[in-house]
Amino acid sequence: MKITGHIPGRDIIENPERIERTLNRNLGIELQLTADVLEKVPLKFFSKLAEKLADKPVTFHAPFMDLNPGAIDKYVREATLKRFKELKPAVEILKPEVIVFHSGFYPRKVLPVYDKWIKNCVETFKEVCDLFPETKIAVENVFDDVPDYLNELLEKVNRKNMGICIDVGHLNIFSKLPLKDWLNLFADKIFEFHIHDNDGINDLHIAAGNGTFNFQPLFDFLKENRENPLILTLEAKTEKDQMESFQFLINNLAGDEDGNKNISR
């Protein structure tokens with residue numbers, strides 16, 4: 001497994017030193033490529049960054065604000081695809097191992113038009129998977145209360161490079177089912193985990209272990225899947241909380257001699 005630190009889009013633009021600090025901690029990086037980043041950050045920025053990475057892992061978080069891959073309105077879906085396609089130059093430069101996407105699923109909004117929404121969402125992600133055939137495409141749980149909708153999406157897209165990013169903080173708030181049920185269902189379809197914590201009510205993105213989420217099933221899963229090239233992204237908001245999450249992971253995964261090669265402990 002490999003560990004990356006999430007870099008918010010705002011910091012890519014206003015505080016790029018955060019990227020260097022994260023790399024200097026011997027972590028990889030997950031770059032949040034918001035619409036602002038795609039519009040304002042020149043490609044030479046990514047080219048210079050590529051020179052600093054060495055063998056550290058890189059993942060991307062695709063833009064999601066105002067977007068909906070399964071939108072009923074064709075103009076919204078076209079805008080969504082256009083944004084996703086704008087990732088391609090940065091992908092070609094940095095060659096991320098995984099790109100994380102939101103599905104746009106929101107139960108109250110989507111369920112009344114679910115059949116149309118899932119059909120459009122499937123078509124969108126088929127196009128995304130074909131656009132980035134050498135990259136793992138991971139769809140993240142956000143408001144999902146059960147894993148069924150993401151599972152249906154994966155089965156209908158039916159691409160080898162399509163999988164799941166399990167966000168444990170979102171699961172703690174919205175899921176009706178425990179983490180173990182999600183792990184059992186998706187198993188080898190899991191490409192990445194987003195690691196953060198909360199109070200079970202608000203999406204606080206605080207340090208792992210400082211909220212109410214039960215991480216033990218995750219630790220058990222990771223220890224059983226040491227050879228699996230999983231990405232663990234520290235998604236707490238602050239650098240301090242990310243490093244607390246890092247230490248929490250290391251303390252609980254002690255003895256994983258074949259684990260994350262990019263970490264100096």
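A residue counts as buried when its relative accessible area is under 20%, as exposed when that area is over 50%, and as partly exposed in between, with a 1.4 Å probe and protein chains only. The structure is a predicted model, in which local features need pLDDT of at least 70, side-chain atom pairs count only at pLDDT 80 or more, and totals for chains, interfaces and linings use all residues. Residues are numbered from 1 along each chain as its sequence is written, and side-chain values use heavy atoms, with hydrogens and water left out.

**Exercise 1.** Determine what share of the residues of the protein is buried, and how the radius of gyration agrees with a compact globule.

*Solution.* Begin with burial: of the 265 residues, 53% count as buried. Next, take the radius of gyration over C-alpha atoms, the globule rule being 2.2 Å times the number of residues to the power 0.38. For 265 residues a compact globule would have a value near 18 Å, and the protein agrees with this because its own value is 17 Å. Finally, the C-alpha trace spans about 50 × 45 × 30 Å along its principal axes.

**Exercise 2.** Describe how helix α9 and helix α11 are arranged, and which residues meet.

*Solution.* First, the axes, which are lines fitted to C-alpha atoms over the stretch in contact, come within 11 Å for α9 (residues 148-157) and α11 (residues 179-186), and cross at roughly 10°. The two helices are therefore roughly parallel, a term for angles under 35 degrees. Then, with contact meaning heavy atoms within 4.5 Å, L150, N151 and L154 in α9 meet W182, L185 and F186 in α11.

Technical notes:
Axes fitted to C-alpha atoms, helices over the stretch in contact; angles between N-to-C directions. Helix = DSSP H or I, 4+ residues; strand = E, 2+ residues; numbered from the N terminus. Parallel < 35°, antiparallel > 145°, perpendicular 65-115°, else oblique.
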